[in-house]
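Reader: I have a protein model open and would like to learn how to read it. Could you walk me through it, please?

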Amino acid sequence: MLKSILAVSEGGPDAAMSFRLAARVAGIFDATVDALHLPVGPAGGAVGGLAMSGEAMPLIMNLDDERLEERAKESERAYKELLATNSGSTYTAAETATLDTLVAMGRCSDLLVLGRPGSDPENVAPATVEAAIHECARAVMIAPPNAGSGSFGSIIVAWNGSFQAARAVEYSLPFLAKASAITILVVGSKADDVGASYLARNLGRHGIKTTIDAIDPGAVSGRARGRALLDYTHGKGADLLVMGAYGRGQVMSFLGLGGATGKVISSCRVPLLLAH
């Protein structure tokens, strides 16, 4: 069960996205939200000693103190508007906060929520997403600009038989248990080749009813597979997409993640639950 949610903001458009989705999830599970503001880029010490991808490094801007203060105020404003009424909620912000703070708090939470990266012109490829996915050993939810409201009734589970996908399913069990329609989706393979029926059987033993579907985008790139997954998810009107996170340190892919993962993170119109 989800009881502790860490909502992360760097003071840009991500603040409202992250905090609004965290409030939505907290309402469903009667959970408490801990909000964390991180300064942007080297000026705020946000690198924290953790490795950033080659792509992220040149895109992070060394903002002046005035802009950093304005971004901190935006995080605090969004917290007061969206989360202050959440029972037991906390707000952490400090000039010395680093990615190490994110990792320490994240590993002691049940779920991390971050706003979609790429929409902030002052922080185009934040290292926070990569750190959350690869360093915290927890489920990570990426909030789209419109976080939606109410329960997550329809869920798509992207399944390829990998340990990342298996971990994502495990982390998503609280959501799956409350959903009314769940599709196990196989992209680019036959369902039997990746054990989709075994997954459906196991979830059934948890009292979770699923259907299995498969799509074949052909011999295409990872980004094209990501687009096919997004088209399916959006076409079904799903409320949540669950998938494994793949790749790390890939200079030519968004956030240094695998092509399909980066594409889905940057373009998914519904909340996205990831696990590595």
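Reader: Let's begin with one residue. Which residues does Ile5 touch, leaving out those up to four places away in sequence?

Author: Keep in mind that this is a predicted model. Setting aside residues up to four places away in sequence, Ile5 touches Ala22, Val25, Ala26, Ala31, Thr32, Val33, Asp34, Leu111 and Val113.

Reader: Which residues touch the most other members of the largest nonpolar core?

Author: Ile5 is one of them, along with Val25, Leu111, Met141 and Phe175. That core holds 49 residues, and helix H1, residues 14–29, gives the most to it, with 9 residues. Apart from this core lies another, of 33 residues, including Leu36, Cys136, Ile156 and Cys268.

Reader: Now the sheet, please. How do strands of a sheet pair?

Author: Strands pair through backbone hydrogen bonds, and they can be parallel or antiparallel. Here the pairing is mixed: 10 strands form an open sheet, in the order E3-E2-E1-E4-E5-E10-E9-E6-E7-E8. Strands E3 (90–93) and E8 (211–215) stand at the edges with a single partner strand each, so one side of each has no neighbour in the sheet. From one strand to the next, the twist averages 25°.

Reader: How many bridges join E6 to E9?

Author: There are 3, and these two strands run parallel. Ile156, for example, has Leu241 in E9 as its bridge partner.

Reader: And where does helix H1 lie?

Author: H1 lies across strands E1, E2, E4 and E5, running at about 170° to E1. Helix H8 (residues 222–235) also packs on the sheet, where it touches E6, E7, E8 and E9. The direction of H8 makes about 160° with that of E7.

Methods
Residues are numbered from 1 along each chain as its sequence is written. This is a predicted model: local features need pLDDT of at least 70, side-chain atom pairs count only at pLDDT 80 or more; totals for chains, interfaces and linings use all residues. Side-chain values use heavy atoms; hydrogens and water are left out. A nonpolar core is a set of buried Ala, Val, Leu, Ile, Met, Phe, Trp, Tyr and Cys residues joined through side-chain atoms within 4.5 Å. Buried means under 20% relative accessible area, exposed over 50%, partly exposed in between (1.4 Å probe, protein chains only). Helices (H or I, at least four residues) and strands (E, at least two) are DSSP runs, numbered from the N terminus. Contact means heavy atoms within 4.5 Å. Two strands pair if DSSP finds at least two bridges between them. Axes are lines fitted to C-alpha atoms, for helices over the stretch in contact, and angles run from 0 to 180 degrees between N-to-C directions.
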